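Trainee: Please take one part of this model and go through it closely. I would like to hear about the salt bridges, and then whatever surrounds them.

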Amino acid sequence: MAVKNCLDNGHTAIEKIILSIGAASGVMPDALSFAFDVIKQDTIAAGAALCINTVPVSGICSDCTKEFANYDGSFIINCPHCSSAAITVTGGFELDMIEIEVK
């Protein structure tokens with residue numbers, strides 16, 4: 001996606017790609033980094049760095065109305081403030097390309 005976008009816009013090299021990956025997305029950052037190093041060969045991204053920002057699992061409790069975030073990647077089944085099960089997960093499933101630095 002990054003290579004196509006850059007080629008379509010006349011860029012000759014990709015220097016960096018920045019991603020946001022949610023802790024509950026199911027994407028393993030180390031595996032993605034390894035795959036990126038393999039597939040970037042022989043493309044305009046051959047010298048590119050991959051930067052990954054991890055987004056915590058976050059949500060809000062319907063009972064106490066407090067927001068919460070869990071940075072360790074584990075799933076949340078109860079509100080960490082009041083222990084209620086009436087929670088809505090609002091983040092942590094992202095897989096977004098945030099920025100592409102090009103030449």
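Predicted model: local features only at pLDDT ≥ 70, side-chain atom pairs only at ≥ 80, totals over all residues.

Mentor: Asp37 is partly exposed, its relative accessible area being 40%. Asp37 forms a salt bridge with Lys40, with 3.5 Å between the closest N and O atoms. Lys40, by contrast, is buried, at a relative accessible area of 11%. Side chains of opposite charge can pair when their charged atoms come close.

The structure holds three salt bridges. Another one joins Lys4 to Asp8, where the closest N and O atoms are 2.7 Å apart. Lys4 and Asp8 both belong to helix 1 (residues 2-8) and are separated by four residues, about one turn of the helix. Both of these residues, Lys4 and Asp8, are exposed.

Lys16 forms a salt bridge with Glu101, and here the closest N and O atoms are 3.9 Å apart. Lys16 lies in strand 1 and Glu101 in strand 6, so this pair ties together parts that are 85 residues apart in sequence. Lys16 counts as partly exposed at 27% relative accessibility, and Glu101 is partly exposed as well, with a relative accessible area of 28%.

Three strands make up an open sheet with mixed pairing, in the order 2-1-6. Strand 2 (49-55) and strand 6 (95-102) are the edge strands, each pairing on one side only. On average, neighbouring strands of this sheet are turned by 15 degrees against each other, direction ignored. Strand 1 (residues 14-22) and strand 2 run parallel and are joined by seven bridges. Within this pairing, Ile21 stands opposite Thr54 in strand 2. Helix 2 (residues 29-39) lies across strand 1 and strand 2, and runs at about 160 degrees to strand 2.

The cysteines remain. The count of disulfides comes to zero. For Cys6 the reason is distance: the closest cysteine sulfur, in Cys51, is 15 Å from the sulfur of Cys6, which is too far for a bond. Cys6 counts as buried, at 3% relative accessibility. Cys82 is in no disulfide either, the nearest cysteine sulfur being that of Cys61, 3.7 Å away; a disulfide would need the two sulfur atoms within 2.5 Å. Cys82 counts as partly exposed, at 35% relative accessibility.

Terms used. Residues numbered from 1 in each chain as written. Heavy atoms only, no water. Pairing = 2+ DSSP bridges. Helix = DSSP H or I, 4+ residues; strand = E, 2+ residues; numbered from the N terminus. Axes fitted to C-alpha atoms, helices over the stretch in contact; angles between N-to-C directions. Contact = heavy atoms within 4.5 Å. Buried < 20%, exposed > 50% of the residue type's maximum accessible area, 1.4 Å probe, protein only. Salt bridge = Lys/Arg side-chain N within 4 Å of Asp/Glu carboxyl O.
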